[in-house]
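Here is a short briefing on one protein model. Look over the sequence and the structure, then read the points below.

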Amino acid sequence: MTSLPLITPHDVLGFQAVHVVVVGDAMLDRYVEGAVHRISPEAPIPVLRVAQDRSVAGGAANAAMNIAGLGAAATLIAAWAEDEAGRELEKLLAAAGVQARRVARGDAPTIEKLRVVAGQQQIVRIDREDTSSLDAAGADAVLSAVRDAVEGHDHRCVIVLSDYAKGMLDEAVVQRVIAFARERSLPVVVDPKSADIRKYSGATVVKPNFAEAALMAGVSATAPTEEVLAQIAEAMAVPDVSAVAISLSALGVEVVEGGARTRLPTRARLVADVSGAGDSMIAGLAVGLGSGLSTLKAVQVGNLAAGIACARPGTAVVTSADLLNELLIDSSPAHRPGTIEDWDELARLVRVEKDAGRTVVFANGVFDLLHAGHVALLKEARSFGDVLVVGVNSDASTARLKGPSRPLQPQADRMAVLDAVRYVDFVTVFEQDTPRELIRAIQPDVIVKGSDYRPDQVVGGDDAKAWGGRVHIVTLLDGVSTTKLSQGEQVRRG
């Protein structure tokens, strides 16, 4: 087994630069939900009192929705009909920001799956589908659409093949798409249904579940024992497939890459519904690869997304905020993105913290030589909330404020020292003379300043009132300052 490089919040902050093209079997998932209180007198079947009807994108369309939810650009290339279900599917995709390219598949209707749910329990599922394959014109249309989608974006691009064995992806289409991707050095991620892994020869990552992997490997087994997984890994070591990621449900994901096997654990959760969890995983995996993560890290992103989806009823869309929230809660101080110069990234992190119900506190200053007065201020500031963000004057801003002989330390060093203070969660820098623009960008709940200011003098205080924020003044330690320290004066406090 190889060592595991853990993902951190930093790893999921670059998804906006990624474009994922999803090719596969799209469908509409309908849910009729309600409660059962009696058995029908007409037949021994439950009578459902309907509370609500809803529809969500399913299959490859759900994968595309999850990709868009993670912040990446998403294009879906799939077959659906110009019928009621198809029009509803198009509306869902458009609302999520997914670029949709419909490919005609004869007279086949839009694939629908109707689930009837009593409480949290499905009592029946009704499928409406025609699984006939694309004709030659349809296959050519797929390749044309893939080419247009890739060449129309400046983003880092990944292709996903979402194979539900519903007629969209026969072996010829799969190989043509993979050949196109390899010509352009684009990663290809596959959610497979074929019993023959060679159908996906040339892919970067193939992600079967355990039953699919056992079928591909020709292994008869009902449980993923160590011996069984070793057999599967050996059988699936196809030279043209770079890695295989086998979903093992609660046991995690087994990644086979370069002859090595790595087990990625899954966090224990209450499972509400596994519908669509595979789509969430494939979305996280693809976006992770597109953002430059290694295969192991990208699979971890996908595994985390799938776990979040399983904890929600119905087919769920997992967002980048969901991932950040999980990682921020779990990450050790060493793995949290303490110093962040990009205000957009910082604002996203702050929003995740606030959405999770945590109070965000802001303090600012030069912090040239960190001393006991600074630490006391930061400690008290942190006591007003759950997350402390510190804004640091840049070198140029400090020189304008303190004179040409300052700062004594460059901004990178000052930020690094603050990042090591246990009361501080995030550190950023501002070039302006005041932190007003930074405060407006992140909208903290509390702004803290020292007792050398009155509340009405605190920059950003009036702005904070607009979003329900407030100002706190804290008492400063007497007799300690950077100026005195820099001049060699001894600090004396009564």
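A residue counts as buried when its relative accessible area is under 20%, as exposed when that area is over 50%, and as partly exposed in between, using a 1.4 Å probe and the protein chains only. By that rule F367 is buried, with a relative accessible area of 6%. The model is a predicted one, in which local features need pLDDT of at least 70, side-chain atom pairs count only at pLDDT 80 or more, and totals for chains, interfaces and linings use all residues. Residues are numbered from 1 along each chain as its sequence is written, and side-chain values use heavy atoms, with hydrogens and water left out.

**The protein as a whole**

- The protein has 16 helices and 18 strands; these are DSSP runs numbered from the N terminus, with helices being H or I over at least four residues and strands being E over at least two.
- The C-alpha trace spans about 85 × 60 × 45 Å along its principal axes.
- Of the 494 residues, 52% count as buried.
- The accessible surface comes to about 21,800 Å², and 49% of it belongs to carbon and sulfur atoms; such areas come from the Shrake-Rupley method with a 1.4 Å probe, and for residues only the protein chains shown count as cover.
- A contact means heavy atoms within 4.5 Å. Among contacts between residues at least 6 apart in sequence, 71% join residues at least 24 apart.

- In helix α6 (residues 226-235), the residues V228, L229, I232 and A233 are buried. They cover an arc of only 135 degrees around the axis, which puts them on the same side of α6; the arc is that of the directions from the helix axis to the C-beta atoms.
- An α-helix has 3.6 residues a turn, so residues three or four places apart point the same way.
- The exposed residues E227 and E234 sit on the face of α6 turned away from its buried side.
- The cover over the buried residues of α6 includes α5 (210-217), β11 (243-247), β12 (253-257) and β13 (260-264).
- M236 lies in the loop between α6 and β11, and it counts as buried at 3% relative accessibility.
- Leaving out residues up to four places away in sequence, M236 touches I197, P208, A213, M216, A217 and V244.
- M236 and R198 are 38 residues apart in sequence and 9.1 Å apart in space, C-alpha to C-alpha.

- Q411, R414, M415 and L418 are buried in helix α13 (residues 411-419). Seen down the axis of α13, these buried residues fall within an arc of 100 degrees, so they line one face of the helix.
- The buried residues of α13 pack against α11 (372-382), β15 (387-393), α12 (395-402) and β16 (426-430).
- P407 is in the loop between α12 and α13, and a cis peptide bond with omega of about 10 degrees joins R406 and P407.

**The cavity and K166**

- The largest cavity has a volume of about 30 Å³. On a 1 Å grid over the protein atoms alone, a cavity is a set of points where a 1.4 Å probe fits but cannot get out, and lining residues have an atom within 4 Å of a point.
- This cavity is lined by G24, D25, A26, A79, R105, I111, K166 and M168.
- K166 is in the loop between β8 (156-162) and α4 (171-183), and it is buried, with a relative accessible area of 12%.
- Apart from neighbours within four places in sequence, the contacts of K166 include D25, R105, I111, E129 and D130.

- Most residues other than glycine have a negative phi, and most peptide bonds are trans.
- F367, in the loop between β14 (360-365) and α11, has a positive phi near 55 degrees.
- Q443, in the loop between α14 (436-442) and β17 (446-450), has a positive phi near 50 degrees. Q443 is partly exposed, with a relative accessible area of 28%.
- W467 lies in the loop between α15 (461-466) and β18 (470-474), and it is partly exposed at 21% relative accessible area.
- Not counting residues up to four places away in sequence, W467 touches K354, I439, R440, Q443 and P444.

Conventions. 1 Å grid on protein atoms, 1.4 Å probe; cavity = no way out; pocket = protein on both sides within 12 Å on 5 of 7 lines; lining within 4 Å. Points joined across faces, edges and corners; volume = space filled by probe spheres on them.
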